[in-house]
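Subject: Structure handover

Hello,

I am passing this structure on to you. Please open it first, then read the notes below.

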Amino acid sequence: MKIINKLAASLIILTFSSQGVTQPQFTTTSEIRAALDEGTTTSELLVSRYTQQIQQLNEKLHAVTQLNPAALEDARRLDRLRYEGQVLGPLHGIPVLLKDNIDTADGLANTAGSILLQDNFPQADAHLVAQLKKSGAIILGKANLSEWANFRSTNSSSGWSGTGGQAHNPYDLTRSPCGSSAGSAVAVAAGLAPLAVGTETDGSITCPSAINGIVGIKPTLGLISRAGIIPISAYQDTAGPMATTVTGATLLLDAMVGKDTADTDSFEAPTRYADHLRADGLQGLRIGVVRNLMGYSAQTDAVFEQALSILREQGAIIVDNANIETLEQMNALEFDLLAWEFKDALNDYLATATTQYKTLDALIAANRESKELAMPYFGQEIFEMAQRSQGRKEKDFDSKITELRSLARARGIDAAMAKHQVDILIAPTVSPAWKIDHINGDHYVGSATTPAAVAGYPHITVPMGFVRHLPVGISFFASANQEDRLIAAAYNYEQASKQRRAPRFLNGDPAPYIFGNN
């Protein structure tokens, strides 16, 4: 992508850390919108500035895999429309990164992070991409991810892909960014883009958002069309927004929603979500604490107790021990069903893609043939397990899917909310980031992601504070189509707590560590 010399220095100011890493100050989507409205910057300058940021930082972060060759021309076109008085929407002229498992017809390959799909050039935009363009957003490029959305190996390292390498957490470059939407989270956290789109089956938006200190929203299943996204499971997959603020994430959500004839489960949004960014969103709200989604990180739990105090101060009524009683049964069923569904869902996508590999079996064989390049750190045990299965023809597949959804919905989240008469549920999102380990794989110890993921219900994570130099998040989740309530609560908490801080691009734990010096 051609980079112009004139830069909007007023928008993103560069500083230099003691590590010698160029570090951007943070600019929120609201500040960018104001600068565009006031004429103190242009979309062309924004694209150039973020491109420069990527070129300066991506060698260390491995967050971005491709830049859109059409982005600069799109920016100029949108600048002309703005000058003529035509603004397409709240994201008019604002750059957005897409996770590299989302189809776009801008000449960008859709690879799922695999070297085998580098020839997969979609002929049409995914529905969510078309919606973004309709609202005036600029597709800046593709973000790195955990290869195959972290569904290739049981010994994987989150944030690693064959096409993008190992993504690094900007708060500590030796630590994991979580996955699978690792590059999307890292890019937003490090200032390589103001907004990014991730996808989630179970934790792939919310875990990297929390670990990289940003906001992530996993919406109700069907609110954003799944068409044009390389799948794991139609029963749990969804795209969602990632941003430094609840406002930015909400505006991006509004820009992606909409019914799509290619996705029969999609539906029109019941409201404009930006209307629910309320400073009093916690007042009088009954909030249930899901204690059985805690206990895997004592330090994170301690930060969570501080967050409860803020929620009370803002007028929320805290109801303790609002536990999800079906959690263990959910965990026991989920993985096998995902593997069975994955086989057929992926084959369906590959059948119409431009790649030469048309089946999961063909991918497995090609990975073996290119083992040194395709599988240098871990294998493809999940691929092989899925291939050995009968897919959706496995005995009792449909009944087990029904059972799993019941465990997560009627007998899970819905039951907990009804029993304790609460409006939303909360828990710490995930532990602090663990060390990157290409020998043993991820050192994941637990999270709050599974109930909402399995249920297909909305889940928002917001920066909650720090365990030493590492950010941790708080999760807000509830029953289907309650994004409005969750956004109001999350926005109020964000504004009251102000726990978002800039990453320092440290290369290991700070020593000596001084408490509170984050």
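**The disulfide**

Cys 178 and Cys 207 are joined by a disulfide, with an S to S distance of 1.9 Å. A disulfide here is a pair of cysteine sulfur atoms within 2.5 Å. A search of the whole structure finds one. The torsion about its S-S bond is about 105 degrees, so the disulfide is right-handed.

Where do the two cysteines lie? Cys 178 is in the loop between strand 7 (165-166) and helix 6 (182-190), and Cys 207 is in helix 7 (residues 206-211), so the pair ties together parts that are 29 residues apart in sequence. Helices (H or I, at least four residues) and strands (E, at least two) are DSSP runs, numbered from the N terminus. Cys 178 is buried, with a relative accessible area of 4%. Cys 207 is buried too, at 3%. Buried means under 20% relative accessible area, exposed over 50%, and partly exposed in between (1.4 Å probe, protein chains only).

**How to read the values**

This is a predicted model: local features need pLDDT of at least 70, side-chain atom pairs count only at pLDDT 80 or more, and totals for chains, interfaces and linings use all residues. Residues are numbered from 1 along each chain as its sequence is written, and side-chain values use heavy atoms, with hydrogens and water left out.

**Ser 180**

Ser 180 also sits in the loop between strand 7 and helix 6. Its relative accessible area is 1%, so Ser 180 is buried. The peptide bond from Gly 179 to Ser 180 is cis, with omega near 10 degrees. Most peptide bonds are trans.

The side chain of Ser 180 makes two polar contacts to note. One is with the side chain of Lys 99, at 2.6 Å. Another is with the side chain of Ser 204, at 3.1 Å. A polar contact is a pair of N or O atoms within 3.5 Å; within protein, one must be able to donate a hydrogen and the other to accept it, and residues adjacent in sequence count only if both atoms are side-chain atoms.

**Asp 103**

Asp 103 is in the loop between strand 4 (95-99) and helix 4 (127-134). Asp 103 is buried but has no salt bridge. A salt bridge is a side-chain nitrogen of Lys or Arg within 4 Å of a carboxyl oxygen of Asp or Glu. The nearest side chain of opposite charge is Lys 142, 6.4 Å away. Lys and Arg count as positive and Asp and Glu as negative; His and the chain ends are not counted.

**The cores**

The largest nonpolar core has 117 residues. Among the residues that touch the most other members are Leu 128, Leu 132 and Phe 476. Helix 14 (residues 397-420) gives the most to this core, with eight residues. A second, separate core of 23 residues includes Ala 149 and Phe 342. A nonpolar core is a set of buried Ala, Val, Leu, Ile, Met, Phe, Trp, Tyr and Cys residues joined through side-chain atoms within 4.5 Å.

**Positive phi**

Most residues other than glycine have a negative phi. Ala 149, in helix 5 (residues 147-150), has a positive phi of about 55 degrees. Ala 149 is buried, at 14%. Lys 498 has a positive phi near 50 degrees. Lys 498 follows helix 16 (483-497) and is exposed, at 58%.

Best wishes
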